[in-house]
Amino acid sequence: MEQILPPFFKHGPAPLVRLLLCSLLSIALLITDARYKYLGGTRQVIALTLYPLQRLANAPGVLAVHLSEFFITRGMLRTENDRLAEQHLHDAATLQKYRALELENAHLRELLGIRGHYSTGIAAAEIVYSEHDPFIKKIVIDKGAQQQIKAGQPVIDQAGLIGQVTRLYPWLAEVTLITDKQHMVSVQNLRNSQRAVLAGHGADGQLELKFIPLNADFQVGDQLVTSGIDGIYPAGLPVAVVVDVERNPAELFARIICKPLAGVANHTQVLILDIDNTTPPRPPQEENPDSVKKKNKDK
Amino acid sequence: MSQRTAKSREVITPVRTTFIIASLLIALLMNLLPWPQSIIKVVPDFVSLTVLYWCLHQPRRFGFTAAWLLGLLMDVANGTLFGQHALAYSVLAYAGIVLHRRVLRFTMRDQILHVIPLLLMTDLIVLAVRIIVGTELPGISYFAGSFVGGLLWPAASYLLTLPQRLKPHSEYV
């Protein structure tokens, strides 16, 4: 008699062994992803399988919007139409002024030999969902690699800068918000053109100016716009407004808290700006002083 | 007590694999729903709740592989580092499979008291990975989802056994 176990006793490896196996695999994945960033392709494939679910999850919201559009009344349409007409008049005046300024600016730039780098390519996108994760300040929008979106493009809404495209999927893109802890923007103060680096604060949705000396001229209410120095964001996009300045003489730097101007936490429509990286290449780095010393020693 | 045991041993038909898969898909869908920012902190992780349910109720049908793969899906959906949810769900599956003989003997209230620490453990593993990689601490409200998840356990148990109750076995009726 050969010993055939009834299926009831067939267990495979013990749970602990399986747990160890799974954990090791997970940790290996974690290290690969965190250190070597090899897993972009795998992520894309899994994201593709998730795509229908993501659209489905978003469907109730979209349906609600469509329904509310359907049940709109004539009176509401009229008032909105009036408001828009008025707005249009107002905008037209501003636009004319802007066109004149743009012409003048282009002319002046030509004179100075500076290339204009404020591009006009714009794509509108809708937010599919924000991450279900309190750690991360990221959103997912409904335009992706198929729509010629590229990683690194700035994303804005009508009020100001929201963030930057950081990860691409075929039909979706992940946008890191400016409030993300890992995110920095090079900004300047609109009042006195002082440059600074604006970093996200993470959980509380605020921003902080980094490494500002105690005596620097920043006041509550100052508006910060992108400076364009980082080569990522075009210059002049409104970013944030200073809400709190704390100068503690015991510390090296002033603590300057800012509030984002764009509705970073609540919006459904965003614009993706196109940038052509026309920043001239960096001048070659000078030799490291350490290596110079070593060479001298070798001699 | 005897009545309760009798109830918990209520005759149910064997669960279908398609139902397990469907329940997991729905859980994933609920995680992906665009929850309003105001309540997102108390929204539980439906996938971990469902994984725990199947590990406790069907430890021979559902196990590490499925839990691990679901973890990967969650990592991609959240755009987080690959493997942190996979790791957390694997440990959760292990706890579920090891404890399945014990937990289901208890009354529903005591089951909740088992489920909440298990869900908290899952959150803690994700948090630990995060801290090693380096982020700020999320604050105590981060764990609120686990408590809500624990309180949803009776509802989840009821819903997930529903299709098995619909057709009582004629022999036992």
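Which residues of strand S2 (residues 138-141) of chain A point one way and which the other way? Lys138(A) and Val140(A) point one way and Ile139(A) and Ile141(A) the other way, and all are buried, a residue being buried if 20 or more other C-beta atoms lie within 10 Å of its own, exposed if 12 or fewer, and partly exposed in between, with C-beta atoms placed from the backbone. The model is predicted, so that local features need pLDDT of at least 70 and side-chain atom pairs count only at pLDDT 80 or more, while totals for chains, interfaces and linings use all residues. Residues are numbered from 1 along each chain as its sequence is written, and chains are lettered from A and ligands numbered from 1 in the order in which they are written.

**View 1. Strand S2 of chain A and its partners S1 and S5**. Strands (E, at least two residues) and helices (H or I, at least four) are DSSP runs numbered from the N terminus, and two strands pair if DSSP finds at least two bridges between them. Strand S1 (residues 122-130) of chain A is joined to S2(A) by 3 bridges and runs antiparallel to S2(A), with Ser130(A) opposite Ile139(A). S2(A) also pairs in the antiparallel sense with strand S5 (residues 173-177) of chain A, over 4 bridges, and here Ile141(A) stands opposite Ala173(A).

**View 2. The barrel of chain A**. In chain A, 6 strands close into a barrel in the order S6-S7-S8-S11-S10-S9, with antiparallel pairing. The twist averages 40° from one strand to the next, where axes are lines fitted to C-alpha atoms and angles run from 0 to 180 degrees between N-to-C directions. Strands S6 (residues 184-189) and S7 (residues 195-200) of chain A share 5 bridges in the antiparallel sense, and Gln188(A) has Arg195(A) in S7(A) as its bridge partner.

**View 3. Helix H2 of chain B**. Chain B contains 8 helices and 0 strands, and helix H2 (residues 17-32) of this chain has 16 residues. Its buried residues include Leu24(B), Ala27(B), Leu28(B), Asn31(B) and Leu32(B). They lie on the same side of H2(B) because they cover an arc of only 140° around the axis, the arc being that of the directions from the helix axis to the C-beta atoms. The face turned away from the buried side of H2(B) carries the exposed residues Thr18(B) and Ala22(B). The buried residues of H2(B) pack against helix H2 (40-70) and S1 of chain A, together with helix H3 (46-57) and helix H4 (64-78) of chain B.

Conventions: The expected span of a helix is 1.5 Å times one less than its number of residues. Two residues are in contact if their C-beta atoms, placed from the backbone, lie within 7 Å.
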